[in-house]
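Open the model in your viewer and keep the selection panel at hand. The tour below goes stop by stop, saying what to select and what is there.

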Amino acid sequence: MSEVKSRPKWGRLAVVPEAAAHLVCAEGVGLDAVAEAFGDHDAAQAAATVLLAGPTTAAQAGLTGTRVLSHPSRATAFTAFHAHLDRAKMGTAIYLAGSESFLNAASAIAEAHGVVREALQGEHRGARTRRVQCVHCKGIMEAVAVSPIVCSHCGVHLMVRDHYSRRLGAFMGVVVDAEAPGVLPQALRL
Amino acid sequence: MRALQYTVRVSEAEAVTPRVRRLRLVAADGTALPPVSAGAHTVVSIDTGERVIRNAYSLTAPSLSGGAYEIAVLRTPESRGGSAFIHERLREGDSLTLSAPANFFPVNRRARHHVLVAGGIGITPIAAMAEEIFRLGASFELHYAVRSAHDGAFCRELAARFGGRLHLYCGERQERLQVQAVLPNQPLGTHLYVCGPERMIEAVLADARAAGWPNANLHAERFVAPAGGEPFSLFLRRSQRSVTVGADESVLEAIERIGVEAPHLCRGGACGECITAVSHADGTLDHRDHFLSAAERDAGEHVMICVSRLKGRELVLDL
Ligand code: FES
């Protein structure tokens, strides 16, 4: 496993018992993590709102007491997340669950609304893909699963580094065959 | 290791209430003192003639832009002489020594709203924060509990400057600051800051936690003035020196009295700088700081020498 300081760390969701309200933003199979965390907490379920990017899954059966609002895309879920954060009061606990790129984007939204990093919970679920920026042409590639890759913008061979930029919400892709063009290390899953 | 010090002259000394004296301090050499952030404090060395007492005081709002610093000193009956000296014997024109300001209680610049809570003399850092937030144009409310309008420092100035954002609670008029009434309906991303008597701080923090506020959004300034106790013997293992810690001095002060330097910043049990390893304790450690966790206290391996003491015969420190 890569261990890089600038890469955000995520744990397991745990219900904050003192919270008066719970606001969850999840994507796809992230809903499983939400159901596991809230499963035994009837009171918390009743006080929770889940904004889900993507269709509901079987996991919703474990969240009978909760309002789960399914959104057609990540973008629409995030629009709703913005609106809920705007209206939320102190005493609302914030939870995120989904892929790494989802967690990065959602946590940036929460932080922009003044949520302190330490008070924000996230659980990683789903594919281990990365959002990558080519450091040479600055082009961004979504859902990169292997390294090295060909930059879809400028065409160079990029090694996906563990260096993560919180500002860009992306990992750095750096040219891998500068010395010997075309000589590439074996491709690995991220 | 000597921290940066300023020699200052008292340019104004004024009673703002019967129990609070305001001091304006300018550099003795005429240079401008550097600006400070709200929540910063300085350690004032007070030479009473018999001994040197060092007390930490919050820098008040007029210090923010630098030039001169101001502090407001409450006369406390349990004072070990520092505040009594400032009230009775210090005159305009006298010199004092200040440590360079340090800040363990800064304003969170990313907060969406700030709730400031002060009790009594706890207003000194809180009023500076209100001023800083006001200048930033950010949203805040200030809750200030005093015994009486007459006894509360800066009540009139704060009301004039902050208008409806100031909520004053007069004990005399049976007005109680009920923080439970303040906590609901604060927007997400609000930070709360509290300074005042220990009991008030604990109550405010407990109420906020019970209402689901994360610790990261709660900030308390809790300097404790070193209070006295029974005298005990102190032996410094590395420097091979021994000294008796008197009834009205701290371990740190006793060490400094015999010329041994120990690291420190706040001198109020808050910053952690003075943590010292205990080699041996013949007696029970009397922890009075806010830095060590309960587990660390129980382990008894470390002590914060600016405020904590020994109940017993002899303390041996790794100094
Ligand atoms: S000097 Fe700050 S805790 Fe002792």
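## Stop 1: the two domains of chain A

Select chain A, which is divided into domain 1 (21-124) and domain 2 (130-189); such bounds come from an automatic or database domain assignment. Before going further, note that this is a predicted model, in which local features need pLDDT of at least 70 and side-chain atom pairs count only at pLDDT 80 or more, while totals for chains, interfaces and linings use all residues. Residues are numbered from 1 along each chain as its sequence is written, chains are lettered from A and ligands numbered from 1 in the order in which they are written, and side-chain values use heavy atoms, with hydrogens and water left out.

Colour the two domains of chain A separately. Their C-alpha centres lie 30 Å apart. Five residues of domain 1 of chain A are in contact with five residues of domain 2 of chain A, where contact means heavy atoms within 4.5 Å. Together these domains bury about 380 Å², with 40% of it on carbon and sulfur atoms. Buried area here is the accessible area (1.4 Å probe) that two parts lose on being put together, summed over both.

Now select Glu100(A), Ser101(A) and Asn104(A): in domain 1 of chain A they lose the most area to domain 2 of chain A, together 72% of what that side buries. By class, the side of domain 1 of chain A that touches domain 2 of chain A has no nonpolar, two polar and three charged residues. In this scheme Ala, Val, Leu, Ile, Met, Phe, Trp, Tyr, Cys and Pro count as nonpolar, Asp, Glu, Lys and Arg as charged, and the others, Gly among them, as polar.

How many salt bridges cross the interface of domain 1 of chain A and domain 2 of chain A? The rule finds zero; a salt bridge is a side-chain nitrogen of Lys or Arg within 4 Å of a carboxyl oxygen of Asp or Glu.

## Stop 2: an annotated span and a cis bond

Select residues 131-174 of chain A. An unreviewed UniProt entry lists this span as "domain: Dimethylamine monooxygenase subunit DmmA-like C-terminal"; UniProt positions are given in the numbering used here, feature names are shortened, and annotations may be inferred rather than shown by experiment. The end C-alpha atoms of residues 131-174 of chain A lie 14 Å apart, and the span is 0% helix and 61% strand. Helices (H or I, at least four residues) and strands (E, at least two) are DSSP runs, numbered from the N terminus.

Zoom in on Pro148(A), in the loop between strand E8 (146-147) and strand E9 (149-150) of chain A. The peptide bond from Ser147(A) to Pro148(A) is cis, with omega near 0°.

## Stop 3: the domains of chain B

Move to chain B, whose domain assignment gives domain 1 (5-99), domain 2 (113-220) and domain 3 (232-317). The contact between domain 1 of chain B and domain 2 of chain B takes 16 residues from domain 1 and 15 residues from domain 2. The two bury about 1,300 Å² between them, 65% of it on carbon and sulfur atoms. On the domain 1 side, Arg19(B), Ala38(B) and Leu64(B) lose the most area to domain 2 of chain B, together 30% of what that side buries.

Show the side chains of Arg19(B) and Asp151(B). They form a salt bridge, the closest N and O atoms being 2.9 Å apart, and the rule finds one salt bridge across this interface of domain 1 of chain B and domain 2 of chain B.

Then select Gln240(B), in the loop between strand E13 (232-236) and strand E14 (241-245) of chain B. Gln240(B) has a positive phi of about 55° although it is not a glycine.

## Stop 4: where the chains meet

Show both chains. Their contact takes 17 residues from chain B and 17 residues from chain A. Chain B and chain A bury about 1,300 Å² between them, 60% of it on carbon and sulfur atoms. In chain B, Arg110(B), Arg112(B) and Leu188(B) lose the most area to chain A, together 42% of what that side buries.
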